[in-house]
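Here are a few exercises to work through with the model open in your viewer. Try each task before reading its solution.

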Amino acid sequence: MIILYKKLPAAVLSLIIVALILHSCTGHKAVRDETYDLWLKYKKVDNPALLEEYRQLITHLAAPGTSETIEIIREELNRGLSGLLGRDIPETDLVIYDGTLIIGTPETSDIIKKLKISAVLDTLGWEGFIIRKAKIGGKKSIIIAADREPGLIYGTFHLLRLMQTQRSLEDIDIASKPRIQNRLLNHWDNLDGTVERGYAGRSLWKWEELPDKIDPRYIDYARACASIGINGTVINNVNASPDILKTEYIQKVAALADIFRPYGIKVYLSINFSSPLKPSSVVGGRRGGIGNLGTADPLDAEVRKWWEEKVAEICGCIPDFGGFLVKANSEGMPGPQDYGRTHADGANMLAEALSAYNGIVMWRAFVYEPGADPDRAKRSYKEFVPLDGQFYPNVLVQAKNGPVDFQPREPVQPLFGAMPYTPLMLELQITQEYLGHSSHLVYLAPMWKEYLEFDTYARGKGSELAKIIDGTFYNYHLTGIAGVANTGDDPNWCGHFFAQSNWYAFGRLAWDHTLTAANIADEWIRMSVSNDDEVVDTIKSMMMGSWEACINYMTPLGLHHIMQEGFHYGPQPGHDKGRPDWTSVYYHRADGDGLGFDRSSQGSNATSQYFSPLREQFDDINTCPEKYLLWFHHVKWDHTLQSGNTLWEELCHRYCEGVGYVSGMIVRWDALAGKIDDDIYMHVKDKLQVQLKDAAVWKDTCLQYFRKFSGKEIPVCQQN
Ligand code: GCV
């Protein structure tokens, strides 16, 4: 990896720059992976009519201003337009040509100021933008205007996306603003360079080199995030080492924040609740922190002062520091309950320290201490609902989409809708912890849409999850969405080429959750692979069914958490050792009678945590949607399903379907040979073979295992 050195004399720096240019013209190209550029490839438009249209509509660029953000925009437009149009677009200060693309805020551009569009821009906030045609001094122009510079970044990438996906600009008239304020990646990156649940190499952050050496990849990361509207990044694992708050690390984090700032991206940190403790102290069997105190009790005056001073130190180095993400009293992490305090006490202490700097606290609701309830799926709700209304205004409670843990499919986490006075932030997982790591092609946007569109019935019909998290439902003043990142230092960033589409889709949905999964796939394919309609349709058809297929070959009909212990890759339905709620048998409950976890009113009564009529619908085995059947019910092997099949027959059928879908993807992919980039073609072809083998292992292992209970034969696979 090429390294840029900060703080070097100008002469040395220019030598390095020359070396970099030479390198990029020679050796660099040879090793550079086609997929490194993600969806920002900017290949020349191959549709002659459209190329001509673009060339007429954009002949010059007027992007006045000197800020770092404007520099970045200018550079991106130069790179994008020259690539797409196959020729350079000269910059101009005056609009004396037809086809000038003018970009600015009323402050940076006199032309934009004179258009008197401030009222419109005001309604779009500091991240919104408009793109439209205008006549300036009699010349046909296109303007990208925003109230503030971040809006210009998003407008820039939007225009480039339209051109990359070959949309006509003839009638362009767009106004766009994000529906959710805080759109964050959560990196589960450790300070030793490993990534928890990361399947794409080591961490992007080179802690040993920072703050003096800046890997150019940080810039490419920021570009990629900004291009899809991500405006924040939590750079370290929620299983946080207290060391991240040591002065030496704060300086490293500040160097990253400096890189990300002009792209509109704020930096946040995961913190360890024990940080104020002396290194030698041990509380609840957990090791100490980096401070000098004997307690981390959130109501202790010394502890509060410690956090205030720490926040002041961070914000002294990073003036726009975003805030803290906290995993507390969960999976061995320390928290306020160690001192008999509540989650609200813990969150509020940090919120108070951050409030002077406009920082926020994202307090995770991923808690499942066995004492709360025998059923793990009920615990988070039971711990958090009683705290509704007790959090300070700059706290968001961040909950995973489902009540257990990023399973291939779960019903919605019932907390959503149940905390009207506490802004709830949605946590999705982009990295495929339970969905085949970076070996399986699984497009996740259809899953995320299923959650976003899920009607919680919190106040009757029309209480969709999306409305809850975008704040419109309960008038939350703070809104947020987080995606657990799937990035690493692999040349293609994400391990599997198609995993890039999930990073892309997360950003696009975070910006606008009303976009459809199919349209997002369409965009991504056109930007990343090809604009050939046949190619696009083939790949899109593979992607759109891939999530349901994965559910079928892993955990059909509401099964869950039957993966290999800890590793979470292959199947291990027989796992029955150790902490009960980490075993498979706890979740599937197979016996001679049937299969599934009885969470109905006859069982754990988790159904009661949902609003009516969902509660009743889920509670009744005859009305419970079959996709959640074994989640909510222990179902007899010979129970008849909607298809007319018994449970056993349907289970066998679903596993077969899942494997069959992967075989079908292989056939569809093979038809693309010679029509797409060879390296991408071969890379995915190899991955699909692994996926097919794995899917068959899932099917055979699970069916052989469950057969011991059902006592029935496994029918020969009849794939549609
Ligand atoms: C970061 C699951 C994962 C853990 C993860 C945890 C969490 O348990 O397996 O790796 O820890 O969720 O979200 O905190």
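**Exercise 1: the sheet**

Ala-62 has Ile-102 in β3 as its bridge partner. Keep in mind that this is a predicted model. Starting from that bridge, work out how β2 and β3 pair, and in what order the strands of the sheet run.

Solution, step by step:
- β2 and β3 (residues 100-104) run parallel, paired over 3 bridges.
- Now zoom out: the sheet is open and has 5 strands, in the order β2-β3-β5-β4-β6, with mixed pairing.
- β2 (60-62) and β6 (173-176) are the edge strands, each pairing on one side only.
- From one strand to the next, the twist averages 25 degrees.

**Exercise 2: the cores**

How many residues does the largest nonpolar core have?

Solution, step by step:
- The count is 223, and Trp-669 is one of the residues with the most contacts inside that core.
- Leaving out residues up to four places away in sequence, Trp-669 touches Phe-498, Ile-539 and Met-542, among others.
- Another core, of 13 residues, lies apart from the largest one and includes Ile-102 and Ala-134.

**Exercise 3: confidence**

Where does pLDDT stay under 50?

Solution, step by step:
- The chain averages 94, and 95% of the residues score at least 70.
- Residues 1-31 are the stretch under 50.

How values were computed: Residues are numbered from 1 along each chain as its sequence is written. This is a predicted model: local features need pLDDT of at least 70, side-chain atom pairs count only at pLDDT 80 or more; totals for chains, interfaces and linings use all residues. Side-chain values use heavy atoms; hydrogens and water are left out. A nonpolar core is a set of buried Ala, Val, Leu, Ile, Met, Phe, Trp, Tyr and Cys residues joined through side-chain atoms within 4.5 Å. Buried means under 20% relative accessible area, exposed over 50%, partly exposed in between (1.4 Å probe, protein chains only). Contact means heavy atoms within 4.5 Å. pLDDT is the predictor's confidence in each residue, from 0 to 100. Two strands pair if DSSP finds at least two bridges between them. Helices (H or I, at least four residues) and strands (E, at least two) are DSSP runs, numbered from the N terminus. Axes are lines fitted to C-alpha atoms, for helices over the stretch in contact, and angles run from 0 to 180 degrees between N-to-C directions.
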